[in-house]
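Please look over the sequence and the model below before reading on. The paragraphs that follow begin with the pairing of strands, then turn to the chain as a whole and to its charged side chains.

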Amino acid sequence: MAVVATASSGGAAGMIGMIVWIVLLFGLMWFLMIRPQKKEQKRITAMLADMAVGDAIVTTSGFYGVVIDITDEDVIVEFGNNKNCRIPMRKSAIAEVEKASEANA
């Protein structure tokens with residue numbers, strides 16, 4: 001009877017050890033994958049919120065332009081030297097913003 005009790009308590013300790021490893025793996029996965037993604041999303045949200053008329057931008061497709069007008073969800077961007085090339089686009093299509101004061105310096 002003593003051998004049976006020892007085997008069942010060893011199984012419980014093994015189960016607890018396995019649960020601890022699973023929790024540690026999920027914690028490591030969150031730290032390495034989800035946390036940096038949320039940090040990058042906060043950076044992008046702050047960048048788009050701080051955008052102003054006259055700022056130089058780069059779109060996700062690689063086009064360079066200057067912000068002419070801003071609405072809640074969209075921006076109007078002027079591309080190139082041609083003043084007639086103004087295109088409305090979503091804010092989510094902007095990859096980088098360079099402030100107008102930094103571009104002139």
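Three bridges join β1 to β2, and these two strands run antiparallel; here helices (H or I, at least four residues) and strands (E, at least two) are DSSP runs numbered from the N terminus, and two strands are said to pair if DSSP finds at least two bridges between them. Within this pairing, I57 has G65 of β2 as its bridge partner. The two strands form a hairpin with four residues between them, and in the turn G62 has a positive phi of about 100°.

All of this is read from a predicted model, in which local features need pLDDT of at least 70 and side-chain atom pairs count only at pLDDT 80 or more, while totals for chains, interfaces and linings use all residues. Residues are numbered from 1 along each chain as its sequence is written, and side-chain values use heavy atoms, with hydrogens and water left out.

V67 has V77 in β3 as its bridge partner, and the two strands form a hairpin with three residues between them. Strand β3 is in turn joined to β4 by five bridges, again in the antiparallel sense.

In that last pairing, E78 of strand β3 stands opposite R86 in β4. The side chains of E78 and R86 are also joined by a polar contact of 3.1 Å, where a polar contact is a pair of N or O atoms within 3.5 Å, and where, within protein, one atom must be able to donate a hydrogen and the other to accept it, residues adjacent in sequence counting only if both atoms are side-chain atoms. E78 is buried, with a relative accessible area of 10%; buried means under 20% relative accessible area, exposed means over 50%, and partly exposed lies in between (1.4 Å probe, protein chains only). Leaving aside its neighbours within four places in sequence, E78 is in contact (heavy atoms within 4.5 Å) with G65, V66, I68, K83, C85 and R86.

Taken together, the strands make an open sheet of five, in the order β4-β3-β2-β1-β5 and with antiparallel pairing. Because β4 and β5 stand at the edges and have a single partner strand each, one side of each is left without a neighbour in the sheet. The twist averages 40° from one strand to the next, the axes being lines fitted to C-alpha atoms (for helices over the stretch in contact) and the angles running from 0 to 180 degrees between N-to-C directions.

The protein chain as a whole has two helices and five strands, which follow one another in the pattern α-β-β-β-β-β-α. Of its 105 residues, 15% count as buried. Among contacts between residues at least 6 apart in sequence, 35% join residues at least 24 apart. For residues 12-33, an unreviewed UniProt entry gives the feature "transmembrane region"; UniProt positions are given in the numbering used here, feature names are shortened, and such annotations may be inferred rather than shown by experiment. In the model, the chain over residues 12-33 is 100% helix and 0% strand, with the end C-alpha atoms 31 Å apart.

How many salt bridges does a search of the whole structure find? The search finds five, a salt bridge being a side-chain nitrogen of Lys or Arg within 4 Å of a carboxyl oxygen of Asp or Glu. One of them joins K99 to D55, with the closest N and O atoms 3.0 Å apart. This pair links distant parts of the chain, since K99 is in the loop between β5 (94-98) and α2 (100-104) and D55 in the loop between α1 (2-49) and β1 (56-59), 44 residues apart. K99 is partly exposed at a relative accessible area of 22%, whereas D55 counts as buried at 2%.

E73, D74 and R90 are linked in a network of salt bridges. The side chains of E73 and R90 meet at 2.9 Å, N to O, while in the bridge between D74 and R90 the closest N and O atoms are 3.4 Å apart. D74 lies in strand β3 and R90 in strand β4, so this pair ties together parts that are 16 residues apart in sequence. E73 counts as exposed at 51% relative accessibility, R90 as partly exposed at 45%, and D74 as partly exposed at 29%.
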